[in-house]
Amino acid sequence: MTGSELSQAVEQMAAPAAAAQPGNAVLRSLIGGLVTALPVLAIGLLVLNFAPTYYTFLALGAFVNLIVVVGLQVFMGNSNIANLGHSAFVGLGAYGVAILSTPLAMKKLSIPNAPFGFATLELDPVSSALIALVVVGIVALVSGKVISRLSGVAATIVSLALLIIVHSVFLNWTDLFKGNQAFFGIPKVVGLPWMLVFAVLAIVAARLFKDSRWGLQLRASAQSPQAAAALGIDAKKLRLMSWVLSALICGLAGVLYAYFAGTISPKLFYFQMIFNTLAMLILGGMATVTGAVTGVIVLSVGLEFIRSIESGVTVAGIQMPQLLGLSGVALGVVIVLCMAFRPSGISGRHELDELLSLLFRHSAR
Amino acid sequence: MDYALQQLLNALAFGAEYSLVALGLAVVFSIMGLVNFAHGEIIGVSAYSVFLAAALGLTSPFVAVLLAVGIAALAAVVFERVAFRPVRYAPTTTGLLTAFGVSIVVQNLFMLLISPKPQSVSILNGLNQMWFFGPFAVSSLQVMELIVSGLTILALVLFLNRSTLGLAIRAASRDFATVRLMGIKANRVIATAFAISGALAGIAAVFILARRGSVSPDLGFGLVLKAFVACVIGGFGSLPGAAVGGMLLGFIEVGLLVALPQEYAGFRDALTYAIIVALLVYRPEGLLGQRIELGDKEI
């Protein structure tokens with residue numbers, strides 16, 4: 001697997017055509033990203049026009065997961081280092097806007113003793129979101145400085161340590177984050193249309209990064225550090241870059257989640273989210289943005305089905321017992337089986353548009 | 001003085017426990033490059049088997065200890081056979097994610113088959129008493145933790161240095177292909193490594209049960225995260241590094257416990273991790289790890 005991919009990566013790097021027409025390559029990648037986003041757009045529009053409220057709510061949750069998984073793919077797919085801390089950034093984004101944009105009347109109830117004057121501060125949703133993303137970016141830059149220097153395994157462990165640090169700050173800095181209790185009263189300003197727009201933007205951004213020279217160099221350095229270093233590729237810088245971009249996309253997902261749900265709590269952004277999104281990315285295939293999208297679609301539907309069994313269903317008039325933990329078992333089994341039998345996931349190593357063009361070329365012949 | 005001694009013993013006991021678990025991780029990692037996130041669930045399986053045995057009428061703590069260690073070693077070997085053998089030659093990330101998946105499955109199976117809530121286990125509570133040495137009151141559990149961990153590490157060192165299989169394990173961590181050329185079966189080396197790793201986890205499980213007196217699905221998960229961090233500061237895959245890293249972690253934790261005012265006690269974990277990450281900025285390869293330059297063949 002590695003050998004053929006490596007030769008492919010080297011071929012791509014050596015290909016002078018792509019370098020000679022940078023505009024063309026960007027355009028192709030942009031179109032590719034949009035093609036990848038098409039199924040998402042189609043599902044979103046269907047839900048928007050036909051689905052009852054309950055399904056709209058589910059779809060909003062799934063779109064947040066989609067953005068998180070796409071963000072995760074930006075780092076994991078390109079650097080091939082497992083990241084188990086991305087939900088920390090989702091949480092930071094969500095709490096960032098919660099603290100900045102919650103109306104003052106609500107803040108009197110929830111965080112009256114907030115430090116730094118946050119208790120008397122109320123910003124509009126857009127500037128809150130921007131400030132929250134800046135904070136996410138700064139945290140990502142600082143943590144990325146450490147993580148990009150470490151070897152693969154150590155980097156994974158430190159990403160996990162980051163998750164625990166952030167979670168523990170959420171839990172214990174009660175004046176600012178309300179601790180274990182739910183933080184409520186965040187203005188609900190995001191509906192399905194905006195969510196759809198940002199999901200498409202995230203997909204396109206991930207695709208543009210993957211196809212850019214940085215993405216290509218990073219993927220090359222993940223496959224063969226020696227060869228990449230010999231070509232003068234600075235893998236640390238590229239890892240840092242993809243880490244920060246990944247964190248910003250995850251942070252955006254958090255911002256959107258807070259703005260559609262209106263209520264957040266720390267446990268939402270802890271291991272459960274890591275399990276869910278990681279299983280989605282692995283099932284779909286982490287090498288491609290298409291894989292991220294596929295995994296989210298398949299597992300969101302699958303998990304919803306399993307959750308309905310989990311809460312106890314009535315089969316042929318017989319009430320089945322509650323089966324707590326069933327969805328967790330299913331997620332774990334999905335990860336284990338995927339890794340054993342198809343480590344490249346459902347979509348393999350081709351993006352949707354590449355698959356389609358391959359298909360057309362075959363049928364034209 | 002009394003207080004200082006007490007805290008020193010605390011730090012040593014915590015450190016010994018982290019070292020035990022970290023050593024289990026390092027033994028497996030050094031041989032097959034597997035980052036075994038499911039190590040915590042080996043502790044879990046062991047603890048739940050004691051819980052089940054006690055529920056079925058087991059009363060002897062001695063048998064419970066043997067059972068915990070035996071089941072843990074067995075569970076580790078079974079995990080390897082079922083889940084990790086298919087990904088043995090896969091890249092590190094694949095193995096890591098597989099182990100993460102196994103960990104999720106087993107944790108949720110505890111939830112599904114037994115209960116999401118903590119279950120009380122009182123069979124080993126007798127290990128946790130107060131011993132009085134003149135003016136000093138000492139927790140028997142902490143003393144035992146220290147002594148047993150020390151003896152276990154000594155036994156591990158003797159095994160790795162004196163027996164053929166131990167030699168094979170050490171050699172396998174450097175060059176598995178050559179070990180197999182010498183006529184040693186790969187499966188045997190790996191199964192032994194997992195059994196050792198499991199037995200270490202089983203000993204840790206006994207101490208956890210004696211201290212907490214209950215089992216819960218995420219029993220081992222948090223401990224293993226800390227053990228991973230211990231491995232990382234020690235230098236991932238280095239056995240002495242794991243032991244030293246575990247001790248260091250114990251001392252940092254207890255140091256923070258003493259230094260932090262009560263109202264900031266919740267930040268202890270966050271600060272522990274932050275200190276360790278800061279250490280990694282200066283030594284990315286860990287305290288006892290060696291810097292590997294690109295293209296180095298001999299480690």
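## Helices α3 and α8 of chain B

In chain B, helix α3 (residues 61–84) and helix α8 (residues 186–212) have axes that come within 7 Å and cross at roughly 140°. Helices here, like strands, are DSSP runs numbered from the N terminus (H or I over at least four residues for helices, E over at least two for strands). The axes are lines fitted to C-alpha atoms, for helices over the stretch in contact, with angles from 0 to 180 degrees between N-to-C directions. That angle makes α3(B) oblique to α8(B); under 35 degrees would count as roughly parallel, over 145 as roughly antiparallel and 65 to 115 as roughly perpendicular, with the rest oblique. The crossing of α3(B) and α8(B) is right-handed, the term for a near helix turned clockwise from the far one by less than a right angle, with anticlockwise being left-handed.

On the α3(B) side, the meeting residues include Val65(B), Ala72(B) and Glu80(B), and on the α8(B) side Phe194(B), Gly198(B) and Val206(B) are among them. By class, the contact of α3(B) with α8(B) has 18 nonpolar, 3 polar and 1 charged residues. Nonpolar covers Ala, Val, Leu, Ile, Met, Phe, Trp, Tyr, Cys and Pro, charged covers Asp, Glu, Lys and Arg, and the others, Gly among them, are polar.

## About the model

This is a predicted model, in which local features need pLDDT of at least 70 and side-chain atom pairs count only at pLDDT 80 or more, while totals for chains, interfaces and linings use all residues. Residues are numbered from 1 along each chain as its sequence is written, and chains are lettered from A and ligands numbered from 1 in the order in which they are written.

## Helices α2 and α9 of chain B

Helix α2 (residues 39–55) of chain B packs with α9(B) at an angle of about 140°, and their axes are 8 Å apart. This crossing of α2(B) and α9(B) is right-handed. His39(B), Gly40(B) and Ile43(B) of α2(B) make the contact with Phe221(B), Leu223(B) and Val224(B) of α9(B). Contact means C-beta atoms, placed from the backbone, within 7 Å.

Ile233(B) also lies in helix α9 of chain B. Ile233(B) is buried, with 29 other C-beta atoms within 10 Å; buried means 20 or more such atoms within 10 Å, exposed 12 or fewer, and partly exposed in between, with C-beta atoms placed from the backbone. Beyond four places in sequence, Ile233(B) touches Gly245(B), Leu248(B), Ile276(B), Leu279(B), Gly286(B) and Leu287(B).

## Where the chains meet

Let us turn to the interface. Here 40 residues of chain B are in contact with 39 residues of chain A. On chain B, α4 (92–113), α9 (221–234) and α11 (268–282) each supply at least two residues of the side that touches chain A. The most come from α4(B), with 16 residues. This side of chain B has 30 nonpolar, 9 polar and 1 charged residues.

In chain A, Ala292(A) sits in helix α15 (residues 289–310) and counts as buried, with 33 C-beta neighbours inside 10 Å. Asn80(A) has a positive phi of about 60° although it is not a glycine. Asn80(A) is in the loop between α4 (53–79) and α5 (86–101) of chain A.

Notes:
Two residues are in contact if their C-beta atoms, placed from the backbone, lie within 7 Å.
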